[in-house]
Each structure stands twice: as structure tokens, then as C-alpha cells.
Amino acid sequence: MNLKYDVVVIGAGHAGCEAAMAAAQLGAKTCLVTIDMNKIAQMSCNPAVGGIAKGQIVREVDALGGHMGLVADSTTLHFRMLNLSKGPAMWSPRAQCDRFRYIEEWRRRLDRQLNLDIWQDVAEQLLVDDAHHVTGVQTQWGVTIEAHSVVVTAGTFLNGLMHIGSRQVPGGRIAEPAVQQLTESITRHGIRTARMKTGTPVRIDKRSVDFSMMERQDPDKLSAAFSFLTDARRATPALPCWITYTNGEVHRVLNDALPYSPLYNGQINSIGPRYCPSIETKLVTFPDRERHLLFLEPEGADSNEMYLNGFSSSMPAEAQLQALKKIPAFRDIKIYRPGYAIEYDYFDPTQLHHTLESKLVGGLFLAGQVNGTTGYEEAAGQGLVAGVNAALHCTGDNTFTLARDEAYIGVLIDDLVTKGVDEPYRMFTSRAEYRILLRQDNADTRLTQRAYDIGLATQQRYIHWQNKQQQVDHLVQLCRQTKVKPSEINTALENLGTTPLHQAVPIAELVARPQLTLDGLVKMLPQLHEATDSVKERRCEILQEVETLLKYDGYIRREQLVAEKMQRLENVRISPSFDYHSIDQLTIEARQKLDRIRPTSLAQASRIPGVSPNDINVLLVLLGR
């Protein structure tokens, strides 16, 4: 073997798998280094993909030619579209997946990808030349792997330390070793690091659960999918999830054990995810709450192991077990392992460009939890962008970045490199100022052309998207141009309790009414039924996208105008060598923040905390000169 590559990816989690596949698909000779080839794309916590805002990221990864959506679709056990009671901008797909089949499917895809090799080992040293550019990595077994670009996606493994009660064990995941030296080989080049904490709940043997004492939650009746290439009409498993609650007895047991909790006795000092708190944190933060919601979710179609969502904990194992037995459905509970917390190293993401390349070491890219994020989906989005740019870096081609009005992935990366993190970063729809434009249904419209242009999206995906887009455009124009007479629809409108027509109006005006849906109008209007009769594949998805475009047309156009105005500031570029400290008109805080972040545009500068609108006006005048 000749261990010389264009790109080396360290870590085969969700970020690493997408990074390796993206680089290889672009033609870069790629090596994926992992500790254990049997745990590639391991779902360390909940074996679920998607969720609020996370589902949008998965669809974006898919639209760009990534693989998370396809893998999730082929291993789905339970699919739901969240937030359906709100507007379409908030809808988010989520799927509970088979943990074991998910690993198998990812491994299968990696194994058959051209230009991609897998090396089982521990990367311990980042190799950097005198010009501050990476030259490769050295492994635990003394193997040197040369490369033009290195992507670090080590997750929670960098100096990982696990906690259950007073017990502390080094490790990157349960029963897996920590990586002890890689952090130090990176920080010696001036890159700042800090510590974060995350956790995972107890795993339960379903044979010991009394399901009659729980509320059953079935998946959506209508089959759905993440990937735009997956046949949404496919048959999917329909395994239920289950709902139960904590109670006063549970709280009493846990409160008594708080002095032994690593989170509250000083054993853990690092910051955990505020939006996914441990059960002990919930008790301390909400002392008056009588109960907390818990979801019991399957881990595999052929497994007795179940995941207790909402009961993340690092309490002593006996306290966790004693508390669970106070829940009626768990009175005879058996567990496979208790919940645990883990501390790990991450790197300050403000030290990165929007390409996720280090500002200090050329050719070094960072993605996933090493950038201070949490979640498989956030990791996958970063991994894909890092992998693309690592491949482009080898050839000197243009870089690939996503703007805030293009993708949630763009919002994620811009937040990281502009604002940094003071807690594990999790994506929410509220973080995106253009979320009406960034819906889960139109990710392919926003991104597939861009992916195809750089060679990431396949011809098959591109043609598939073009065909869908033609159908959407045709239906939108039909609805705007075809008028309906009162005699054709008034009886149906009156039956629905909505105002009858007094004159002929375009179908689009009817779709805009809150009481009407496009699918309902298809059943009422022969001309519309005839036009949609040819739409066989993903019919529901196409009709829903057309309805959204018509019903929210004014909001969409208004948001596009706002995005275009901000784009003007994006086009005002700032030199990397700009001397902020020489400008007395800027506040001291602004000078310090701007000098540390080194924004590439005036728009990015405006998003830095501590930089005021007046500071931006000063920069605008000076840059204009």
C-alpha cells in the first residue's frame, strides 16, 4: 500500500462519513481513519435522524448529494413530520432508525465508493510543515499517512472522559477508548481548545416494560422520506414509540442522590447542552414541575434494546435504576446500561473560515462536535462542506460555501465562525432569519443545482430534480392563470363554510384561503384534477410545495427582498489584513471582536456580538473610501 492521499478524514462518525464520501465523489483520493470499522456512523445517543430544524439539514445534505437521508430512509422504523400544527416553514421530518442496520448501510456505501480507502487505527499526531500547512497524520501504530488536506471529525473522542456517579473512565464512547494526543498536536500550532459535556440516557430491555401503562405513539400514516430520491410510496415498518412521565417519587429519589451527581458536586465543570438537559438538570431548573415527559423508542427491529428519551443522566447507576422503578410501566425494569455523561475537547470555531478550514493551519478542516456542535445532523452538514472544500483545496479550485439565505447549513456554519459557542450548539428554526425560504420541502430547489455544478450531485439526482421542478412550475402557473367560475365551486365552498365567489377568480386565490387546500381543490375542479393526474411520483410532496408557494406567496417574496438587501452587505468584502485597531471611531469592544473574528464581509461583521450598527456604518464609510 502507498499511504499517500489527497484527503485524510479522521473519525468515521456522521461528519466523517459525509466528509469522506464528498471528497471521494469529487475525485480526491481519500482515506477514512477510524478506531473501529464495525462502528462506522454509530448513533452514540438516540438512533433517530431529523427533528426540529435538524430534519431540514438532513434534506439539505441529501439535496447536495450527501447520504444521511438515503441511509435513514433505508433503515427507518418510525417516521413523523413534526410541527404540522404550525406553518410549513416549521415542519421538520424525524425518523427513528434501526441502529444496527444504519451502521451496515453506511459501511456498504463507504465500501463501494471509488477513491475511498478505510484505515483502522488511531490518529495521534497532526503533521504540519514549516509553512503551517498540513502534510498528513501519524497513527498510534507509527504509520504515517500523507495528505494535502486533513479533516478532523473526532466527535467526543478527544481526551474523552465518561462519568457515572463518582466513577470516571477515559473513553470516547461507552466501551471505546479516548484519543489522548491528537488535541495537543493541534493546539501546539496556536489553535484554542476548551471542554464541553454531553450525555446519554439509560438503555432498557423492552421485555421488562409494562406497555399497558404507557401511551402508544404510532408513526405517520402517510409514508414519507428524507431523500428526494427515495420512493415515498415505499412500505415502511410501523413500530410505535411510547410515552410515559416521571412523578413525585421519581423526583424524590433523584433529588436525594443529587450530592452524588457529577454535574452538581463539582466533578464536571464543562458546559452541557442546554436544549437537551439531563433529568437532574430538569429537577434543579424546574423544581415545581410535577412530572417530565419521557419517550421510550426502539433501537432496532430485531432488538429488545430501547432508548428512554428525556432521561439523560450521569447519576450513580443505582439511583437511576431506583428512580425508574417508581414509574408504573417500569416497576420490573431491567436495563442494559445506565446513562452516562462524557466530557471532551472542542476547538473554538471562530478560528475557522466559512469553508471550515483553519485560519492558522492551511489544509486543516474541522467538522462536527470538535467545532462545539451537538447532533448527528449538524455534524453531517459540516462534514459535507468540509469534505468538499478539502477536495477543492487539493486542486486549488474555488471554495464552496453556503449563505444564510441558502441553507440551514449556511446558518449553522456562519453562526459558528462568526459568533463562536459557549455551549453545545444545536440548530433551531428560530436561528434562521430566512426560514420561510429554507423549508424542508424545497431543499432540492435551493441546493441541487449548486451541488451538480461542482460535481457532487449525480446526473440521476439532477434529472430527478429537474422533472420535479417542471411539475411544480407547471402547477403554479396553471393555478395562477386558470380561473374558476362561481357556478363551478360555490356549492362546495358553502359546504366548507367559506365565502362563495361573486366572480371568476384564479385557482391561486382559492388556494390562498385558510380553509382550502390544493389537494381538496383537485377533487373539486376537473381541470385541476386532469393537470395533476400525471403526477404519480411524490404526488403529495409536489402538491404540498405548490400549495405553500401559493398560500404564502406574499411572505416568501417579502423575505426574498430582505435577503437581497443583506446580500449587498455580503458583497462588501473586507481584506484579511484590515487594521481595526487603527480606527478610533470603532468602540474598543468592536475593535477586539473584529480583530479576533476577521470577518470576510460587512454582513458577517454585522452579525458579530458586540459590533453595533454604528460600528458597521463607520466601516461602510471607510471601506467605501
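The expected span of a helix is 1.5 Å times one less than its number of residues. Please keep that rule in mind, and note that what you see is a predicted model.

Let us apply the rule to helix H21, which comprises residues 613-624. H21 has 12 residues, and the expected span is 16 Å. From its first C-alpha to its last, the helix reaches 16 Å, close to that expectation. Which residues of H21 are buried? They are Asp615, Ile616, Val618 and Leu619. These residues cover an arc of only 160 degrees around the axis, and therefore they sit on the same side of H21. The face turned away from this buried side carries Pro613 and Gly624, which are exposed.

I turn now to helix H4, residues 99-112. With 14 residues at 1.5 Å a residue, H4 should span 20 Å, and its end C-alpha atoms lie 21 Å apart, which agrees. Its buried residues are Arg99, Tyr102, Ile103, Glu105, Trp106, Arg109 and Leu110.

My second topic is empty space. Rolling a probe the size of a water molecule over the atoms shows where such space is left. How many cavities of 30 Å³ or more does a search of the whole structure find? The search finds 4.

The largest cavity has a volume of about 60 Å³. Its lining consists of Ala403, Arg404, Asp405, Glu433, Tyr434, Ala563, Met566, Gln567, Glu570 and Arg607. Sorted by class, this lining has 5 charged, 4 nonpolar and 1 polar residues.

The second largest cavity holds about 40 Å³ of space. Around this cavity we find Ile191, Phe347, Asp348, Gln351, Leu352, Ser358, Leu360 and Leu366. Here the lining divides into 5 nonpolar, 2 polar and 1 charged residues.

Thank you for your attention.

Technical notes
Residues numbered from 1 in each chain as written. Predicted model: local features only at pLDDT ≥ 70, side-chain atom pairs only at ≥ 80, totals over all residues. Heavy atoms only, no water. Helix = DSSP H or I, 4+ residues; strand = E, 2+ residues; numbered from the N terminus. Buried < 20%, exposed > 50% of the residue type's maximum accessible area, 1.4 Å probe, protein only. 1 Å grid on protein atoms, 1.4 Å probe; cavity = no way out; pocket = protein on both sides within 12 Å on 5 of 7 lines; lining within 4 Å. Points joined across faces, edges and corners; volume = space filled by probe spheres on them. Nonpolar A, V, L, I, M, F, W, Y, C, P; charged D, E, K, R; others polar. Arc of directions from axis to C-beta.
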